[in-house]
Amino acid sequence: AVQLDLALRHFYASNADTKAVLLTTFAKFVNLFPEIRPQVQAALREVVQNENVELQVGVKSEFHGNLAKVALYYGNQSQAAFSNFQAALHQADGLKLQLSPVAATVEGRTQARQAVNAECLGVFTTPPLLSIKFIAGQQPVQLTLQLPIFLAKFADPVTMGQADFFARWQALAQPGMEAQAIFQATQPMDGAVVGKRLRGFGLSLQEGVDPNPDNFVGACILRCTTDGQIGVLLRLEPNKEANMYRLTFRTSKPAVSALLKDSLQKQ
């Protein structure tokens, strides 16, 4: 974890050749430590949110219950300093956000760091936006980024026995509590890979619960300060002959079931 953290920090302000070497290092981490594949994949998805000729923005995040900490790294790729550097968050419904100060000047070939503290108050559908503006040379630069803060990340895995799982599953059978999708597999239907992806989504997989051993069943609890705890159940049924999946979420809040279904289906 320490080596990965150091590699990510160097990635932000590196040139193209160094980035290629570091990407190879990330791949080696996955090969040597398969159990950290979800974390590495998440880091690679988040490591570069935006890059233009002059500015590179990197993101690292940690989630614990209803709280999150996001570190933002602004890398100046040019030789000249950025002046009047400013960043502002657009508040999102269901989230409480706090943004730390950032240096007004970012010298050439260096990076500045800024921190975001987030609290999940309730269900939200849209990740927060970050607006950045600065002066590069004599030219004003403005851009807007989407932060990787999603509802599913405020989840804690839960372990349940077969009787408890299916009792709860039946209790969530009322209209609107279920969201389901049937879709084509876009990658080889490898059970180990699928399981790691589901765990990376915050779910605890319930081994031996489903009568069909090829199926995946999972559970987690979303932690919200105002809306409280929201129990989440998942069932993923692979059809290897047809190369398709049936994905089902059940929660006590219809909006959450649909939101999680759409989010997981995109992965």
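**Close-up views of a predicted model**

View A: the cover over helix 5. Among the elements covering the buried residues of helix 5 are strand 11 (204–205), strand 12 (216–224), strand 13 (228–239), strand 14 (244–251) and helix 6 (254–265). Helices (H or I, at least four residues) and strands (E, at least two) are DSSP runs, numbered from the N terminus. This is a predicted model, with residues numbered from 1 along each chain as its sequence is written. Local features need pLDDT of at least 70 and side-chain atom pairs pLDDT 80 or more, while totals for chains, interfaces and linings use all residues, and side-chain values use heavy atoms, without hydrogens and water.

View B: Which residues of helix 5 are buried? Running over residues 191–200, helix 5 has Val-194, Gly-195 and Leu-198 as its buried residues (buried is under 20% relative accessible area, exposed over 50%, partly exposed in between, with a 1.4 Å probe and protein chains only). Look down the axis of helix 5 and these buried residues fall within an arc of 100° (going by directions from the axis to the C-beta atoms), so they line one face of the helix.

View C: After helix 5 comes Gly-202, with a positive phi near 100°.

View D: Look for Glu-237 in strand 13. Is Glu-237 buried or exposed? Glu-237 counts as buried, because its relative accessible area is 16%. The side chain of Glu-237 makes a polar contact of 2.9 Å with that of Arg-246 (N or O atoms within 3.5 Å; within protein, one able to donate a hydrogen and the other to accept it, with residues adjacent in sequence counting only if both atoms are side-chain atoms). Setting aside neighbours within four places in sequence, Glu-237 is in contact with Asn-215, Met-244, Tyr-245 and Arg-246 (heavy atoms within 4.5 Å).

View E: two loop residues with a positive phi. Most residues other than glycine have a negative phi. Arg-109 isn't a glycine, yet its phi is positive, near 60°. Arg-109 sits in the loop between strand 5 (95–99) and strand 6 (111–120), and with 38% relative accessibility it is partly exposed. Asn-243, also not a glycine, has a positive phi of about 60°. Asn-243 belongs to the loop between strand 13 and strand 14, and its relative accessible area of 30% makes it partly exposed.

View F: rings that pair up. How many aromatic pairs does the structure hold? There are nine (Phe, Tyr or Trp rings, six-membered for Trp, with centres within 6.5 Å; planes under 30 degrees apart are stacked, over 60 edge-to-face, the rest tilted). Phe-85 and Phe-134 have ring centres 5.5 Å apart and planes at 20°, so this pair is stacked. Phe-85 is in strand 4 (residues 82–90) and Phe-134 in strand 7 (residues 129–136), so the pair links distant parts of the chain, 49 residues apart. Both Phe-85 and Phe-134 are buried. The rings of Phe-165 and Phe-166 make an edge-to-face pair, because their planes stand at 85°, with centres 5.2 Å apart. Phe-165 is buried at 0% relative accessible area, whereas Phe-166 is partly exposed at 21%. Finally, spot the cluster that ring pairs build from Tyr-74, Phe-82, Phe-85 and Phe-134.
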